[in-house]
Amino acid sequence: MKINSPRGTQDILPPDSFDWQFLENKAHEISENYNYQEIRTPVFEYTELFNRGIGEATDIVEKEMYTFEDRGGRSITLRPEMTASVVRSFLENKIYGRAQPTKYYYIGPMFRYERPQSGRYRQFHQFGVEVLGSNDPDIDVELMAMGIDYLEKLGLKDFFVELNSIGCPECRPDYVADLQEHFSEHEEELCSDCRRRLTRNPLRILDCDECAETTGNAPEILDYICSQCHDHFAQVKEGLEQLKIDFHIEPHLVRGLDYYTNTVFEVKSHDLGAQNAIFSGGRYNGLVEEIGDRDVPGSGWALGLERLLLVLEEQRDEDIKSDLDVYVIKIGARAEKLSLSLLRKLRRAGFSADTDYGDRSVGSQMKDADRKNSDYSIIVGEDEIQKDSLTLRDMNTGEEKMIAQDKIVDVLADKIQ
Ligand SMILES: [Zn+2]
Ligand SMILES: [Zn+2]
């Protein structure tokens with residue numbers, strides 16, 4: 001029987017893996033610019049963490065988690081997102097006892113049992129950031145700026161932010177009550193999911209595409225937020241203006257969970273059609289307390305790398321290629337021997353170097369060097385060996401030069417910085 005990869009997963013093969021390295025390298029770079037440090041947590045956690053950290057009444061927890069019992073009878077779940085894990089680690093390792101805030105970033109695979117489609121996989125990857133230990137609105141602004149700067153490093157442009165505040169546990173209940181009343185009056189227009197949400201979590205009705213018409217004239221939370229939330233929101237807006245980040249208020253943008261507070265946002269691009277958010281996030285001052293027993297504010301976002309790659313592929317006309325510095329072409333048995341140590345010398349000197357492994361003709365080796373995009377080739381034949389030399393060939397111009405064997409590293413280093 002032929003064995004394939006599980007439904008909803010994919011192999012990332014070269015040259016696609018170069019694109020992945022490119023995205024990841026830029027993510028490390030931007031994180032260093034903004035002084036965010038990498039955190040790596042286990043790919044699986046106790047299921048209870050996600051029940052508390054994502055919320056039992058969410059699609060993720062209800063339908064999408066990879067949950068199983070391990071051999072010790074514990075309920076384990078493959079992480080469907082990272083924030084809960086980051087908060088768990090923050091508490092477990094008592095990071096709150098150090099100087100705050102703590103600024104983390106992560107890159108890694110997440111797992112959700114969703115219907116696979118273009119750009120959506122059951123094992124997918126996110127680049128995300130979390131800041132714990134500060135309620136400063138500037139953090140929210142910094143987070144948005146950082147994400148946008150990351151995308152600009154990749155060559156994307158024309159971003160704008162859809163922004164809202166979802167208040168706090170003080171001011172939100174009044175809003176939710178009015179929202180519930182509004183939707184109750186329109187109950188027969190709601191989809192069956194949203195009728196369920198009506199009692200459990202009316203905020204999430206605002207997220208439903210099917211019910212978009214009914215939500216159009218629903219009450220807006222900005223009419224309800226308390227003065228503290230209002231101030232926070234004003235400072236976020238001011239910060240975005242100062243950084244000349246284009247934003248508009250989206251009064252029905254929400255996150256349907258109680259631990260979210262104040263800032264919520266989605267970042268989109270005019271350049272890419274303003275339909276889908278490239279990354280989204282918000283402030284979650286209530287989450288740490290939900291998972292542990294500490295009142296620690298937090299804020300963050302996450303970005304799906306599979307979708308970002310689709311976007312980049314559309315935008316870019318040239319593929320990222322692997323680049324070989326030098327290819328060693330061997331003629332004869334003595335050359336074969338010499339090239340073994342020559343290759344190691346080149347590689348240890350920092351060049352990317354390769355050779356033929358199949359006793360092929362000079363012509364085929366030359367073709368292979370071309371196919372591998374090698375900038376130079378070094379030809380080792382009888383003539384060269386007798387003269388203690390090598391022939392260096394520029395693969396772009398075809399120009400050839402005899403070079404003493406002990407000079408080859410220096411000569412190449414001059415040509416390739
Ligand atoms: Zn408030
Ligand atoms: Zn609905």
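**Pocket, cavity and a bent helix**

By residue class, the lining of the second largest pocket comprises four nonpolar, eight polar and five charged residues. This description rests on a predicted model. The second largest pocket holds about 320 Å³ of space, and 17 residues line it. Nearest its centre lie N135, C168, T261, N262 and N285. Two elements, α9 (residues 227-242) and β9 (residues 261-269), each contribute two or more residues to this lining. Of the elements concerned, α9 gives the most, with five residues.

About 90 Å³ of space lies within the largest cavity. Its lining consists of A57, D59, E62, D193, R196, R197, R200, N201 and R204. By class, these residues divide into one nonpolar, one polar and seven charged. At least two residues of the lining are supplied by α3 (residues 59-64), and at least two by α7 (residues 192-200). The largest share comes from α7, which provides four residues.

Along its course, α12 bends by about 30° at S339. S339 also belongs to the buried residues of the helix, together with A335, L342, L343 and L346.

Why can residues spaced along a helix point the same way? An α-helix has 3.6 residues a turn, so residues three or four places apart point the same way. In α12, the buried set runs from A335 through S339, L342 and L343 to L346.

Several elements take part in covering the buried residues of α12. Among the strands are β12 (residues 324-330), β13 (residues 353-355), β14 (residues 374-380) and β15 (residues 389-394). The cover also includes the helices α14 (residues 382-386) and α15 (residues 408-415). After α12 comes G350, whose phi is positive, near 105°.

In the second largest pocket, N135, C168, T261, N262 and N285 mark the residues nearest the centre. In the largest cavity, α7 supplies the largest share of the lining. In α12, S339 is the site of the bend and is one of the buried residues.

Notes: Residues numbered from 1 in each chain as written. Chains lettered and ligands numbered in written order. Predicted model: local features only at pLDDT ≥ 70, side-chain atom pairs only at ≥ 80, totals over all residues. Heavy atoms only, no water. Bend = angle between axes of the 7 residues up to and from the residue. Buried < 20%, exposed > 50% of the residue type's maximum accessible area, 1.4 Å probe, protein only. Contact = heavy atoms within 4.5 Å. 1 Å grid on protein atoms, 1.4 Å probe; cavity = no way out; pocket = protein on both sides within 12 Å on 5 of 7 lines; lining within 4 Å. Points joined across faces, edges and corners; volume = space filled by probe spheres on them. Nonpolar A, V, L, I, M, F, W, Y, C, P; charged D, E, K, R; others polar.
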